[in-house]
Amino acid sequence: MSEYRIDTSVKPEVKGFFDPATNTISYVVKDPGSNACAIVDSVMDIDYAAGRITYDHADEIIKWVKQHDLKVEWLIETHVHADHLSAAPYIQDKLGGKLGIGRNITVVQDTFGKVFNEGTEFQRDGSQFDRLFDDGDTYKVGGMECLAIHTPGHTPACMTHVMGDAAFVGDTLFMPDGGSARADFPGGDASVLYNSIQKVLSLPDETRLFMCHDYGPNGRDIRWETTVADEKLHNIHVGGGKTKEEFVKFRTERDAQLDMPKLIIPSLQVNMRGGELPPADTSGKRFLKVPLNGL
Ligand SMILES: [Fe+2]
């Protein structure tokens with residue numbers, strides 16, 4: 001039984017926006033009883049080789065929200081992503097809403113504040129966000145009750161957000177044939193990730209699960225929605241009653257073979273600031289750093 005009480009009779013409308021450049025899915029989640037909505041894990045476009053930032057993906061979401069006359073109440077980051085840049089401040093500027101992330105953002109900011117040698121002007125207290133969620137915190141989107149569940153392991157600040165019968169798991173789980181996300185970033189831990197996955201799998205069987213990423217394993221089409229029941233039975237890394245020992249062994253061996261994500265360096269610098277670009281220098285220009293042998 002789950003320690004978390006959720007009402008799966010509340011069924012929000014969930015619209016996914018797939019970003020082919022980073023295999024990320026952003027979501028607009030609409031309260032079934034009003035025009036209120038939340039936006040989960042938005043993406044800012046970057047051509048890293050050219051140092052060029054654009055907003056086509058975010059503009060698509062903004063257009064959809066406006067077309068459907070929705071009111072954005074929350075912008076949720078499931079965690080500090082290492083493979084894409086958040087567009088939350090850009091969307092917030094255009095549509096409003098409060099920006100929320102897990103309380104342990106402070107741990108992530110401390111770690112990467114050091115990696116990128118940020119000065120004292122870089123606040124490591126999460127103050128770039130409007131709300132820092134603790135495990136079990138609730139909030140509302142219109143009349144819909146939402147719940148934040150701390151699901152660390154991939155990163156220390158990872159949260160799963162449950163909105164009605166829909167849970168946004170971030171990188172805690174992938175689709176059943178994708179398994180799970182890596183646990184080898186600073187602050188990551190495969191054993192902790194296993195425990196967090198069990199928290200998600202303790203939700204009611206019919207809970208809809210929405211992934212942050214899908215890579216279409218074995219050539220299948222991109223998909224991002226499954227259920228707790230499906231993951232419990234079929235997830236290739238944790239399904240069918242796999243033990244923690246089996247998972248940790250597999251995950252640790254797999255992670256040792258993985259390259260760093262292509263966009264980790266720009267992503268961390270932007271996402272640890274809540275999606276803001278680093279401040280301009282005295283010339284008025286903004287720069288990203290590349291720490292040599294720092295990651
Ligand atoms: Fe991630």
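**Exercise 1. Determine which helix the buried residues of helix α6 pack against, and where those residues lie around the axis of α6.**

*Solution.* The model is predicted, so local features are taken only at pLDDT of at least 70 and side-chain atom pairs only at pLDDT 80 or more, while totals for chains, interfaces and linings use all residues. Residues are numbered from 1 along each chain as its sequence is written, and side-chain values use heavy atoms, with hydrogens and water left out.

Step 1. Locate the helix. Helices (H or I, at least four residues) and strands (E, at least two) are DSSP runs, numbered from the N terminus. Helix α6 covers residues 244-255, which are twelve residues. From its first C-alpha to its last it reaches 16 Å, close to the 16 Å expected at 1.5 Å a residue; the expected span is 1.5 Å times one less than the number of residues.

Step 2. Select the buried residues. A residue is buried under 20% relative accessible area, exposed over 50% and partly exposed in between (1.4 Å probe, protein chains only). In α6 the buried residues are Phe247, Arg251 and Asp255. They span an arc of only 45 degrees around the axis, which places them on the same side of α6; the arc is that of the directions from the helix axis to the C-beta atoms. Glu245 and Lys249, on the other side of α6, are exposed.

Step 3. Find the partner. The buried residues of α6 pack against α4, where contact means heavy atoms within 4.5 Å.

Step 4. Examine a residue of the partner helix. Ser191 lies in α4 and counts as partly exposed at 26% relative accessibility. Leaving aside residues up to four places away in sequence, Ser191 touches Lys244 and Val248. Ser191 and Glu253 are 62 residues apart in sequence and 13 Å apart in space, C-alpha to C-alpha.

**Exercise 2. Show how the buried residues of helix α3 are arranged, and name elements that cover them.**

*Solution.* Step 1. Helix α3 (residues 105-115) has Ile105, Val108, Gln109, Phe112 and Gly113 as its buried residues. Viewed down the axis of α3, these fall within an arc of 125 degrees, so they line one face of the helix.

Step 2. The cover of these residues includes β7 (98-102), β8 and α7.

Step 3. Just after α3, Asn117 takes a positive phi of about 45 degrees.

**Exercise 3. Identify the protein donors of the iron ion and state which parts of the chain His79 and Asp171 tie together.**

*Solution.* Step 1. Donors are N, O and S atoms within 2.8 Å of the metal (3.2 Å for Na, K and Ca); water is not among the atoms, so sites may look incomplete. The protein donors here are His79 (NE2), His154 (NE2) and Asp171 (OD), lying 2.0 to 2.5 Å from the iron ion.

Step 2. The donor residues follow the spacing H-x74-H-x16-D in sequence. His79 lies in the loop between β6 (71-76) and α2 (88-95), and Asp171 in the loop between β12 (166-168) and α4 (190-201), so the pair ties together parts that are 92 residues apart in sequence.

Step 3. Check the accessibility of this pair. His79 is buried, with a relative accessible area of 2%, and Asp171 is buried at 4%.

**Exercise 4. Count the aromatic pairs and classify the pair of Phe18 and Trp224 and the pair of Trp74 and Phe133.**

*Solution.* Step 1. Rings of Phe, Tyr and Trp (its six-membered ring) pair if their centres lie within 6.5 Å; planes under 30 degrees apart count as stacked, over 60 as edge-to-face and the rest as tilted. By this rule there are eleven aromatic pairs.

Step 2. The ring centres of Phe18 and Trp224 are 6.4 Å apart and the planes stand at 15 degrees, so the pair is stacked. This pair links distant parts of the chain, 206 residues apart: Phe18 is in strand β1 (residues 13-19) and Trp224 in the loop between β13 (208-210) and β14 (225-227). Phe18 is partly exposed at 24% relative accessibility, and Trp224 is partly exposed at 23%.

Step 3. Trp74 and Phe133 form a tilted pair, with 5.7 Å from centre to centre and 45 degrees between the planes. Trp74 lies in strand β6 and Phe133 in strand β8 (residues 131-133), so the pair ties together parts that are 59 residues apart in sequence. Trp74 is buried at 5% relative accessibility, and Phe133 is buried at 1%.
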